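The sequence and structure are shown below.

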Amino acid sequence: MLDELMAGLSTDEADEIVELVRKLRSTGVSLCVIEHVMRIIATLTDRVIVLEWGKKLAEGPYAEVSQNPAVIKSLPGGGCRLMLSIKNLDAYYGKLHVLWDISLQIGNESVGIFGPNGAGKTTLISCIVGLVKPSGGDIQFEGKSLLTSETHLIARAGISVVPQERELFPLMTVAETWRQERLTSSRLGHERKNCWNSFTAYFRY
Ligand SMILES: Nc1ncnc2c1ncn2[C@@H]1O[C@H](COP(=O)(O)OP(=O)(O)O)[C@@H](O)[C@H]1O
Ligand SMILES: [Mg+2]
């Protein structure tokens, strides 16, 4: 019985363990692998049993069980509505290749993207909002490609960005910046009004 062997391991360490377990299995030993790293389950098991809240949810080969809607719904982030889908995204600044074959999906959830300086995080955001035109791949928001859309239409569709430098329009005052209708989509009208009220209340003191 192997209970969450991969917890806290790096990818290299996990790969090493997978090889060791595979060797062990080839000697004829029966294994029960308890794991929540899906890649490991997919690689190491002949048959999968999924538990949720003490009940058996599904049983069968990994390929079949991993497509089971009840199983997908039970996983973290599972069952939430897909909003942003990026496939095989490539982006350059001139000859500098910055994003390489990026694919990711974001649903109705909070997702962190992190990496060292220069890793391409801001470029990824710039591609999503149409400020950098990708050289390959696709970006879809609620099922529609954003690649041919302009930035103000992408904002209106519901994607807004707070840029890393606090210099939206350096020559404008904060109040003037807030008044810019174009910065927020009409869909956010109510929140915008609330923000404006909090903002003016704050500066009264
Ligand atoms: N406007 C630009 N023109 C040319 N190169 C850029 C530009 N913006 C970013 N880069 C380069 O692209 C790479 C990724 O940068 P960036 O997306 O800003 O990374 P991060 O946000 O992860 O720090 C870096 O090598 C950076 O120097
Ligand atoms: Mg950045």
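## Ligand shell

Helix 5 contributes three residues to the shell around ligand 1, the largest share. Helix 5 (121-128) and strand 6 (96-107) each supply at least two residues of that shell; helices (H or I, at least four residues) and strands (E, at least two) are DSSP runs numbered from the N terminus.

The residues around ligand 1 include Tyr93, Leu96, Val98, Lys121 and Thr122, where near means that a heavy atom lies within 4 Å. By class, the shell holds five nonpolar, five polar and one charged residue, with Gly counted as polar and Tyr, Ala and Pro among the nonpolar residues.

## Backbone contacts

Oxygen atoms of ligand 1 lie 2.7 Å from a polar backbone atom of Gly118, 3.2 Å from one of Ala119 and 2.9 Å from a backbone N or O atom of Gly120. A polar contact is a pair of N or O atoms within 3.5 Å. The protein buries 58% of the 560 Å² that ligand 1 exposes when taken alone (Shrake-Rupley method, 1.4 Å probe).

## Sheet and helix

An open antiparallel sheet of four strands runs in the order 6-5-7-8, pairing being defined by at least two DSSP bridges. Its edges are strand 6 and strand 8 (144-145). Helix 5 packs on this sheet and touches strand 5, strand 6 and strand 7 (contact: heavy atoms within 4.5 Å).

## Basis

The model is predicted: local features need pLDDT of at least 70 and side-chain atom pairs 80 or more, while totals for chains, interfaces and linings use all residues. Residues are numbered from 1 along each chain as written, chains are lettered from A and ligands numbered from 1 in written order, and side-chain values use heavy atoms, without hydrogens and water.

How values were computed: A polar contact is a pair of N or O atoms within 3.5 Å; within protein, one must be able to donate a hydrogen and the other to accept it, and residues adjacent in sequence count only if both atoms are side-chain atoms. Axes are lines fitted to C-alpha atoms, for helices over the stretch in contact, and angles run from 0 to 180 degrees between N-to-C directions.
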